[in-house]
Amino acid sequence: MRRLWSTLLLCGCLLGVAAAEAWGTPLAGLSPPEEILLVGVERKGHTGADASGLVWEVLRLVFEPAGLRVRTGTVPYIRAVGLVTRGDADAWVGAYPEETAGALFPKWHYAAEVIAALGLSRTPEPRLEDLGNFRLAWIRGYAFDKYLPRLQRYQEIQRYNGSLAMLRLGHADYLIAARAELEGVLAWAENPEAYRITDLTLLPLYPGFADTPRGRELAALYDRRMAELVRSGELRPIFTRWQQPYPFD
């Protein structure tokens with residue numbers, strides 16, 4: 001019986017070591033790897049529903065060598081924020097700094113994205129400094145009024161369905177979003193030549209963590225790992241592979 005228990009104990013230890021080594025976790029505790037759940041809007045090449053894309057790849061490199069297996073989910077933006085603030089997810093991606101009360105934003109951004117305006121081709125081409133002269137719209141939850149100058153007339157919409165009709169009918173002059181999202185909206189147009197996308201500015205992107213003890217630990221780990229990865233240059237090949245500008249030069 002003593003020999004049987006010794007054999008079972010040895011097998012259990014070996015399995016624990018194998019699991020820890022598989023995920024790169026420290027072997028001292030022989031505990032199974034912890035998970036981190038990251039959620040965000042689906043964007044081709046950035047945050048794919050199949051867990052592919054630049055953002056997911058960057059964040060796996062941030063967390064998995066530290067012992068946290070990354071799980072991803074793609075949901076609408078407001079739902080992503082709600083999942084985090086309710087404690088059902090650890091962080092959402094695609095956040096702008098300090099845009100949501102009750103959330104925690106780290107010091108390091110992980111990427112930067114082009115913010116652009118989608119409007120009719122016949123309307124004046126907008127410039128960042130004169131956006132306040134136009135009627136704007138964007139998806140609810142994106143607080144562009146905090147980051148773009150002197151905005152006066154804007155409305156929040158629930159989804160992109162119907163946004164092209166909104167422009168055609170004159171209910172808004174421009175739809176504001178990341179260029180990648182606007183290109184997706186424009187793909188629905190029967191006559192895309194009737195519309196124009198104009199780049200406005202670059203905004204850094206952050207993960208938004210829950211403002212809880214766990215969220216604070218994860219944000220501190222994220223900042224520490226990002227500093228290491230930028231210093232070592234390990235992130236640069238990821239941006240090259242996905243043909244995106246490197247945001248840390």
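Helices (H or I, at least four residues) and strands (E, at least two) are DSSP runs, numbered from the N terminus. By that rule, serine 163 falls in helix H4, residues 163-168.

This is a predicted model, where local features need pLDDT of at least 70, side-chain atom pairs count only at pLDDT 80 or more, and totals for chains, interfaces and linings use all residues. Residue numbers start from 1 along each chain as its sequence is written, and side-chain values use heavy atoms, with hydrogens and water left out.

**View 1**
Serine 163 counts as buried, at 2% relative accessibility. Here buried means under 20% relative accessible area, exposed over 50%, and partly exposed in between (1.4 Å probe, protein chains only). Leave aside the neighbours within four places in sequence, and serine 163 is in contact with Ile157, Leu175 and Val185. Contact means heavy atoms within 4.5 Å.

**View 1. The whole chain, for orientation.**
The protein chain comes to seven helices and nine strands. It has 249 residues, and 46% of them count as buried. Take the contacts with a separation of 6 or more: residues 24 or more positions apart account for 68% of them. The chain exposes about 13,200 Å², with carbon and sulfur atoms supplying 54% of that. Accessible areas come from the Shrake-Rupley method with a 1.4 Å probe, and for residues only the protein chains shown count as cover.

**View 2. H2 packed against H6.**
Two packed helices are described by the angle between their axes and the distance between the axes. For H2 (residues 54-63) and H6 (residues 213-232), that gives about 100 degrees and 9 Å. The axes are lines fitted to C-alpha atoms, for helices over the stretch in contact, and angles run from 0 to 180 degrees between N-to-C directions. H2 and H6 are therefore roughly perpendicular to each other. On the H2 side, the contact is made by Leu59, Leu61, Val62 and Phe63; H6 brings Leu218, Leu221, Tyr222, Arg225, Met226 and Leu229. Those contact residues divide into nine nonpolar, no polar and one charged. In this scheme Ala, Val, Leu, Ile, Met, Phe, Trp, Tyr, Cys and Pro are nonpolar, Asp, Glu, Lys and Arg are charged, and the others, Gly among them, are polar.

H2 is mostly covered, with eight of its ten residues buried. The buried set is Leu54, Val55, Trp56, Glu57, Val58, Leu59, Val62 and Phe63. Beyond the helix, proline 65 lies in the loop between H2 and strand S2 (68-74). Proline 65 is partly exposed, with a relative accessible area of 47%. Its C-alpha atom is separated by 9.4 Å from that of arginine 225, 160 residues apart along the chain.

**View 3. Aspartate 90 and its polar partners.**
Aspartate 90 is found in the loop between helix H3 (77-85) and strand S3 (91-95). At 13% relative accessibility, aspartate 90 counts as buried. Its side chain makes a polar contact of 2.7 Å with the side chain of arginine 214. A polar atom of the aspartate 90 side chain also lies 2.9 Å from the backbone nitrogen of leucine 37. A polar contact is a pair of N or O atoms within 3.5 Å; within protein, one must be able to donate a hydrogen and the other to accept it, and residues adjacent in sequence count only if both atoms are side-chain atoms. Not counting residues up to four places away in sequence, aspartate 90 touches several others, including Glu35, Ile36, Val84, Phe209 and Leu218.

**View 4. H3 and its cover.**
In H3, the buried residues are Tyr77, Ala80, Val81, Gly82, Leu83 and Val84. What covers them includes S1, S3 and strand S9 (195-210). After H3 comes glycine 87, with a positive phi near 85 degrees.

**View 5. The loop between S1 and H2.**
Lysine 44 sits in the loop between S1 and H2 and is exposed, with a relative accessible area of 82%. Lysine 44 and glycine 184 are 140 residues apart in sequence, yet 9.1 Å apart in space, C-alpha to C-alpha. Alanine 51 is found in the loop between strand S1 (34-40) and H2. Alanine 51 has a positive phi of about 70 degrees although it is not a glycine.

How values were computed: Parallel < 35°, antiparallel > 145°, perpendicular 65-115°, else oblique.
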